[in-house]
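Me: I have a structure here and want to know what backs up each label. Walk me through it, definitions included.

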Amino acid sequence: MAEIIRADGLVKRYGEVVALDGLDLSVQEGTIVALLGPNGAGKTTAVSILTTLIEPNEGSASVAGIDVLKQPAEVRKIIGLSGQYAAVDKDLTGFENLDMIGRLYHLGRKKSRSRARELLERFDLSEAGDRPVKTYSGGMRRRLDLAGALVAESPVLFLDEPTTGLDLISRTELWRLIRNLIDQGNTLLLTTQYLEEADRLADDVLVIDYGKTIAQGSTDELKDMVGGERIEIKVTDSAHLPAASEMLGRIAVGDLTGDDRPRTVVAPVSDGVKQLADLLKNFEAAGIGVSEAVLRRPTLDDVFLALTGASTESREVEEPQLALESGRRGRGRGLPS
Amino acid sequence: MSLRSAIGDGLVIARRNLIKVKRVPDVLVFVLLSPIMFVLLFAYVFGSAIDIPGGSYREFLMAGIFGQTVVFGATFTGAGLAEDMQRGIIDRFRSLPMSRAAVVFGRTASDVVYNLISLTIMALTGLIVGWRIRGSLLDALLGFLMLLLFSYSVSWVMALVGLSVPSPEVVNNATFIVIFPITFIANTFVPAESLPTVLRVFAEWNPISSLVQATRELFGNIPPGTPEPTAWPLQNPVLYSLFWSALIIAIFAPLAVRRYVRVAKKS
Ligand SMILES: Nc1ncnc2c1ncn2[C@@H]1O[C@H](COP(=O)(O)OP(=O)(O)OP(=O)(O)O)[C@@H](O)[C@H]1O
Ligand SMILES: [Mg+2]
């Protein structure tokens with residue numbers, strides 16, 4: 001397998017804001033890599049640089065060995081992009097949009113037209129294909145935009161938050177489509193805020209935060225990195241939460257988290273099954289009611305928490321929701337100590 | 001990027017712009033209705049108010065209305081580009097292996113088609129209200145070609161304006177402040193000779209005057225017995241306005257394309 005996308009030390013500043021702070025990345029041919037990060041992490045900025053839309057202040061990048069900064073026109077010939085915001089012409093029909101894109105990829109009249117019809121079909125837009133896009137729903141526009149990225153069957157695809165705004169059925173369908181693409185040998189870099197999406201789709205996940213890669217690996221590797229198992233307890237009465245946390249704290253091998261759900265506490269443990277059994281006995285003895293008790297492998301959310309010191313969900317929340325989490329929460333800059 | 005793909009891609013963009021005429025009512029009004037309104041207004045409000053010895057003022061006016069309308073048509077280029085730059089579709093264009101000049105080329109090209117449509121409609125309206133071509137048909141055709149070429153050159157100026165302003169509305173203001181007076185301080189609606197000195201000299205050297213003078217001559221709409229113009233540009237109106245068309249394109253086309261590339265790059 002060969003490396004097909006590469007970036008070294010990308011830095012992009014917007015005045016005071018450092019959108020990318022020395023980002024490195026490497027994608028192997030024929031794989032799906034997910035850039036995972038919260039709002040403002042720099043995902044769109046990274047994709048924009050790799051797709052020649054903007055230039056970095058520092059660093060270099062290449063796609064299929066072609067320098068993105070020195071030969072942008074050559075790079076454009078081999079990439080397909082669907083940006084975070086649908087880039088379609090709302091006065092044109094779906095068909096006209098795709099046909100136009102095909103012609104601008106220089107596929108020729110006949111090929112552009114047949115490809116447009118084929119993609120409309122594939123993205124379930126056949127019926128709406130001859131209606132102006134301004135009559136489309138948000139999800140339909142999103143799908144049309146994705147179809148636009150596939151028009152030229154480009155070997156390298158960039159999808160910026162491809163499933164944001166799609167309902168569950170469209171999302172699942174899109175995941176299937178994306179999987180098929182990769183079976184045909186394409187390479188895909190996608191960004192997402194959804195851990196589940198990265199988990200489902202990506203061979204490799206790049207966790208980025210504040211413009212830096214903070215971890216890279218398969219989802220399994222990332223989970224192993226955080227290590228061990230998790231005991232997750234949900235108590236029936238929130239008044240019992242401090243007591244339960246206290247007891248969990250004694251057996252935990254790392255910090256406790258609240259997992260962003262009410263009356264819930266999560267603890268990384270070393271000897272899961274036995275400890276869970278003991279714990280439940282102790283809870284019973286102490287009169288603490290438990291509505292859920294789970295032993296599980298870490299999720300990507302746990303990984304993210306451990307790596308960044310903040311949950312993906314709670315970036316905008318300054319104040320800790322639960323007292324016990326305060327040690328882990330807040331907006332820790334860069335790597336946790 | 002080769003010239004061939006610049007033209008090919010430009011045509012794709014031009015086609016896209018033309019599809020919009022059918023879909024966007026604003027465009028339809030601009031391209032179809034306002035020319036009719038112009039001809040009727042001028043023909044009936046002014047056309048019967050002023051007497052021209054030995055001729056009809058209504059006929060004299062037509063070339064002026066043609067000239068003014070096609071020059072105004074360039075506003076459309078600027079506003080269209082300014083609007084495109086605010087739209088998401090530009091992001092798509094930027095990631096495609098298309099010629100960087102295509103968006104601007106396509107826009108100025110589709111505006112030639114708009115102007116052609118406007119001219120046809122104005123000519124038909126004119127014929128209905130009594131305007132006649134009194135020279136040869138070939139000359140008349142040449143007159144229309146000159147109008148199209150000149151408006152094409154102004155399109156490039158407005159393209160640069162459209163790419164330099166923050167919003168499409170500003171383009172309309174720019175038109176109003178600049179193009180409006182330029183088309184009026186000319187021989188569009190009154191003979192240049194009748195203006196006070198300062199304005200007269202401006203009008204005589206104003207390329208719009210020579211454009212209008214040229215078409216007026218080519219349409220055979222100069223009443224017999226009208227004294228020869230004294231200023232050189234009006235004596236050689238075809239040459240002078242062709243010179244200006246070429247000059248404007250030579251200066252503004254590269255500027256507009258460069259501006260597009262610059263604007264498209266950041267953000
Ligand atoms: N054109 C710009 N001008 C100023 N700041 C910008 C610009 N583009 C991005 N930024 C800043 O750079 C940082 C990274 O933005 P970016 O859009 O790459 O984030 P993201 O990971 O895509 O976020 P999201 O999930 O919200 O799309 C943010 O702090 C953002 O405010
Ligand atoms: Mg983004």
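Me: What makes Asn39(A) a polar contact of ligand 1?

Reply: A polar contact is a pair of N or O atoms within 3.5 Å; within protein, one must be able to donate a hydrogen and the other to accept it, and residues adjacent in sequence count only if both atoms are side-chain atoms. An N or O atom in the side chain of Asn39(A) is 2.9 Å from an oxygen atom of ligand 1. That is within 3.5 Å, so the label holds.

Me: What are the ground rules for this model?

Reply: This is a predicted model, where local features need pLDDT of at least 70, side-chain atom pairs count only at pLDDT 80 or more, and totals for chains, interfaces and linings use all residues. Residues are numbered from 1 along each chain as its sequence is written, chains are lettered from A and ligands numbered from 1 in the order written, and side-chain values use heavy atoms, without hydrogens and water.

Me: How do you know that Lys43(A) is in polar contact with ligand 1?

Reply: A polar side-chain atom of Lys43(A) lies 2.7 Å from a ligand 1 oxygen. Gly40(A) uses a polar backbone atom instead, at 2.8 Å from an oxygen of the ligand.

Me: Why is the pair Arg16(B) and Asp89(A) called a salt bridge?

Reply: The term needs a side-chain nitrogen of Lys or Arg within 4 Å of a carboxyl oxygen of Asp or Glu. Arg16(B) and Asp89(A) meet at 2.7 Å, N to O, so they qualify. The rule finds 6 salt bridges across the interface of chain A and chain B.

Me: How many residues make the contact between chain A and chain B?

Reply: Chain A gives 31 residues and chain B gives 25. Contact means heavy atoms within 4.5 Å.

Me: What is the area buried between chain A and chain B?

Reply: About 2,400 Å², with 59% from carbon and sulfur atoms. Buried area is the accessible area (1.4 Å probe) that two parts lose on being put together, summed over both. On the chain A side, Leu53(A), Arg76(A) and Leu104(A) lose the most, together 26% of what that side buries.
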